Amino acid sequence: QVQLVESGGGLAQPGGSLRLSCAASGSIFNINVMAWYRQAPGKQRELVAARTSGGRTNYADSVKGRFTISKDNAKNTVNLQMNSLKPEDTAVYYCNAEIVTTSYWGQGTQVTVSS
């Protein structure tokens, strides 16, 4: 069993930055992949960034070069640094963890980018 709690969402201006954090607890040592997804109103949930247990990362083309996913082992957290934010980044961001074929989800945190 894994529990995920997101934090760090809020309001940012275009060109600004936000840092999201996902605190993981429970049986975290068997997690294969951790990822951030987002869902905007009227849109399907989409993958933003993912990180494997071996440290490999991949990003959606729309955020490549602007967002960075990282893991802090000491704090049991996965972070998403978001720079050069655009209005189209506005969405609810969800932390996701996968153990084999089982997925775990956080409750989501709202990110709004507006002038």
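The following dialogue examines how terms are applied to a predicted model.

Tutor: This is a predicted model, in which local features need pLDDT of at least 70, side-chain atom pairs count only at pLDDT 80 or more, and totals for chains, interfaces and linings use all residues. Residues are numbered from 1 along each chain as its sequence is written, and side-chain values use heavy atoms, with hydrogens and water left out.

Student: Why is Thr-52 called buried?

Tutor: Buried means under 20% relative accessible area, exposed means over 50%, and partly exposed lies in between, with a 1.4 Å probe and protein chains only. Thr-52 has 18% relative accessibility and therefore counts as buried. Thr-52 lies in strand β5.

Student: What makes Lys-71 partly exposed?

Tutor: The relative accessible area of Lys-71 is 36%, so Lys-71 is partly exposed. Lys-71 has its place in strand β7, residues 67–72. A strand here is a DSSP run (E, at least two residues), while a helix is a run of H or I with at least four residues, and both are numbered from the N terminus.

Student: Which residues does Lys-71 contact, leaving aside its neighbours within four places in sequence?

Tutor: Contact means heavy atoms within 4.5 Å. Lys-71 is in contact with Arg-51, Thr-77 and Val-78, its neighbours within four places in sequence being left aside. As for Thr-52, and not counting residues up to four places away in sequence, Asn-32 and Val-33 are touched.

Student: Why is Ile-99 called buried, and which residues does Ile-99 contact?

Tutor: Ile-99 counts as buried because its relative accessibility is 17%. Ile-99 lies in strand β9. Leaving aside neighbours within four places in sequence, Ile-99 is in contact with Val-2, Ser-27, Asn-30, Ile-31, Asn-32 and Tyr-104. Ile-99 and Lys-75 are 24 residues apart in sequence, and their C-alpha atoms are 20 Å apart in space.

Student: Why is Val-100 called exposed?

Tutor: Val-100 has a relative accessible area of 66% and is therefore exposed. Val-100 is found in the loop between β9 and β10 (102–105). The phi of Val-100 is near 55 degrees, a positive value in a residue other than glycine.

Student: Where is Asn-76 found, and what is its phi?

Tutor: Asn-76 is in the loop between β7 and β8. Its phi is near 55 degrees, which is positive in a residue other than glycine. Asn-76 has 33% relative accessibility and so counts as partly exposed.

Student: How do you know that β1 and β3 pair?

Tutor: Two strands pair if DSSP finds at least two bridges between them. Strand β1 (residues 2–7) and strand β3 (residues 18–26) are joined in the antiparallel sense over 6 bridges. The bridge partner of Val-2 in β3 is Gly-26. The antiparallel strands β3 and β8 are also joined by 6 bridges. In β8, Cys-22 has Val-78 opposite, and Leu-20 has Leu-80 as its bridge partner.

Student: What makes β1 and β7 stand at the edges?

Tutor: The open sheet has 4 strands in the order β1-β3-β8-β7, with antiparallel pairing. Each of β1 and β7 has a single partner strand, so one side of each is left without a neighbour in the sheet. The twist averages 20 degrees from one strand to the next; axes are lines fitted to C-alpha atoms, for helices over the stretch in contact, and angles run from 0 to 180 degrees between N-to-C directions.

Student: Which strands pair with β11, and in what sense, parallel or antiparallel?

Tutor: Strand β2 (residues 10–12) runs parallel to β11 and is joined to it by 3 bridges. Leu-11 has Thr-112 as its bridge partner in β11. Strand β9 (residues 91–99) pairs with β11 in the antiparallel sense over 3 bridges, and Val-92 stands opposite Gln-110. In strand β11 (residues 109–113), Thr-109, Val-111 and Val-113 form the covered face, and Gln-110 and Thr-112 the uncovered one.
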